[in-house]
Amino acid sequence: MPKSGTPLGPVRILLVEDSELDAELLIEQLHEAGLDADFVRVDAADDLRTALAGAPFDLVLSDMELPGFSGYEALEILRTHDPRLPFVFFSGTIGEETAVKALQEGASDYVLKHNPVRLPAAVARAIREARSEREREHAERELMRSQRLDCLAMLAAGLSHDLRNILQPLLIVPDLLATYSDDPKILRLGSVISESGKRGHEMADSMLSFVRGSRKASETISVAALFSAVQLLLQGSLSRQVRLTVEQPSEDLLIEGNYTEFQQCLINLCLNGIQAMAERGGQLTLSAVQTVADDGQDYVVLRVSDEGSGMDEATRQQLFTPFFTTKASGTGLGLMSCKRIVESVRGRIEVNSAPGQGSAFELHLPAPAVDDWAGTEDAAFRDGEGRRILLVDGDATRLSLLGNALASQGYDPIMAPDGANALQQIARNGLPELAIIDDDILLLSAADVLAVLQEAGFDGPVIRLREPGRPHDGHDCAATLTKPVQVQALFEAIEHALGLRA
């Protein structure tokens, strides 16, 4: 055995040899050379195929002539099974022409039986070269995979950014509708738009967090609020044959996790139930209870049940297998995603279903400590009483919508699309009581605009609008609102900054 090169370690060699004596001599020689090898000997084509189908080998060592079988046939069988597994001829009859042909057919090497000294080195070299080739191919695949992921990350980041900008009006318009109309139908439609906008933004944030390698922190979720949002979003998906019953839990029933992910999880399960009842109809029920497990741990069980066609045992066993679906247009990823979401908070999914008896999915989720919950603040805001507010935002749609929102609340907004325009308007109209400045404005940076304002005598509070994850630039401000901006959060920040709210 050559002492140079990477140690081979234990190896498995498949020996194609009809002579038991020759096989013993060969094995003895390789062991004496220091090769730590296990050998399996075969002498027929069927036995060779059977051996190759079992545990993997590091090398095949074959005689050239066998009764009713040949080394070439062995090589052909091996190439069909694994083209990269090294193959070495070890024969006493091989000539130069035959040897060349063997190498052309794909053999790694050949060694003559009457000159076996070279055999250990040939075996070691063939195994090392095969391993190196596989490592190189693995490295190339990983490199290609990494490059594809990098491209995917760049694409996802771009899509997330653009999607957030497109969805921004969905967060502002519903609040504006509420100021212009008391019609309950309009307010309800506004709620649907607002909830869809929040959901879209959360999904865009999740995409961005995934690209950045981070995950949104867990939050405390009111199950009642979660059910209300799901019920609202499912209204357009219900047919006349399907009834949705939401058994509203108490307001203090809480879970912990990502709100949008659990909303998506429940919607997936509900849509599956609706589709299962598409032909004969039935009732879809959404309910929740708090239970105590045998170990004393409190759990909240969210239950989605339907009266659909149900599932047999074979289907239930594959429910969470990626890409498994019973629907012609399904992706087979919805339930797998649900399972991931539930298990990410150390929960579990249980499924009860039988053909013709409907299905019930139960999400068993650890209940959070009640002390962690903080209720929402009072959403009633004061009239602006004509207080002048400078609003500088580079996004024209957001600038217009936020300006309308401020005006509808009684403020006097001075709207500017960039820093230079803001300074011109201040010089013309006087200083504001408060400034709201987007960090992404053009011509002058937010910091430059603030510096000029302060030189001009402005000493009022400042609210900054900032993309999530962007670091603070060191300038003091009364509040920082993460984009997309929600109107209620903006009004609350303004009232705190102006001292109108305790």
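This is a predicted model: local features need pLDDT of at least 70, side-chain atom pairs count only at pLDDT 80 or more; totals for chains, interfaces and linings use all residues.
**Helix pairs**

Two packed helices are described by the angle between their axes and the distance between the axes. The table sets out these values for two pairs.

| Helix pair | Angle between axes | Distance between axes |
|---|---|---|
| α12 (residues 419-429) and α13 (residues 446-455) | roughly 15 degrees | within 10 Å |
| α8 (residues 259-276) and α10 (residues 334-343) | about 140 degrees | 9 Å |

The axes of helix α12 and helix α13 cross at roughly 15 degrees. Because angles under 35 degrees count as roughly parallel, α12 is roughly parallel to α13. The crossing in which α12 passes α13 is right-handed, and the contact is formed by Gly-419, Leu-423 and Ile-426 on the side of α12, together with Val-449, Val-452 and Leu-453 on the side of α13. When the residues of this contact are sorted by class, 5 are nonpolar and 1 is polar, while no charged residue takes part.

In the pair formed by α8 and α10, the helices pack at an angle of about 140 degrees, and the crossing in which α8 passes α10 is left-handed. From α8, the residues Glu-261, Phe-262, Cys-265, Asn-268, Leu-269 and Asn-272 take part in the contact, and they meet Gly-334, Leu-335, Cys-338, Arg-340, Ile-341 and Val-342 of α10. The residues of this contact divide into 7 nonpolar, 3 polar and 2 charged.

**The cavity**

How many cavities of 30 Å³ or more does the model contain? The count comes to 1 cavity of 30 Å³ or more, and the largest cavity has a volume of about 40 Å³. The residues that line the largest cavity are His-161, Arg-164, Asn-165, Gln-168, Arg-398, Glu-467, Lys-483 and Pro-484. Which helix gives the largest share of this lining? That share, 4 residues, comes from helix α5, which spans residues 119-180. Sorted by class, the lining of the largest cavity holds 4 charged, 3 polar and 1 nonpolar residues.

Key. Residues are numbered from 1 along each chain as its sequence is written. Side-chain values use heavy atoms; hydrogens and water are left out. Axes are lines fitted to C-alpha atoms, for helices over the stretch in contact, and angles run from 0 to 180 degrees between N-to-C directions. Helices (H or I, at least four residues) and strands (E, at least two) are DSSP runs, numbered from the N terminus. Angles under 35 degrees count as roughly parallel, over 145 as roughly antiparallel, 65 to 115 as roughly perpendicular and the rest as oblique. A crossing is left-handed if the near helix is turned anticlockwise from the far one by less than a right angle, and right-handed if clockwise. Contact means heavy atoms within 4.5 Å. Ala, Val, Leu, Ile, Met, Phe, Trp, Tyr, Cys and Pro count as nonpolar, Asp, Glu, Lys and Arg as charged, and the others, Gly among them, as polar. On a 1 Å grid over the protein atoms alone, a cavity is a set of points where a 1.4 Å probe fits but cannot get out, and a pocket is an open set with protein on both sides within 12 Å along at least five of seven lines; lining residues have an atom within 4 Å of a point. Grid points are joined across faces, edges and corners, and a volume is the space filled by probe spheres set on the points.
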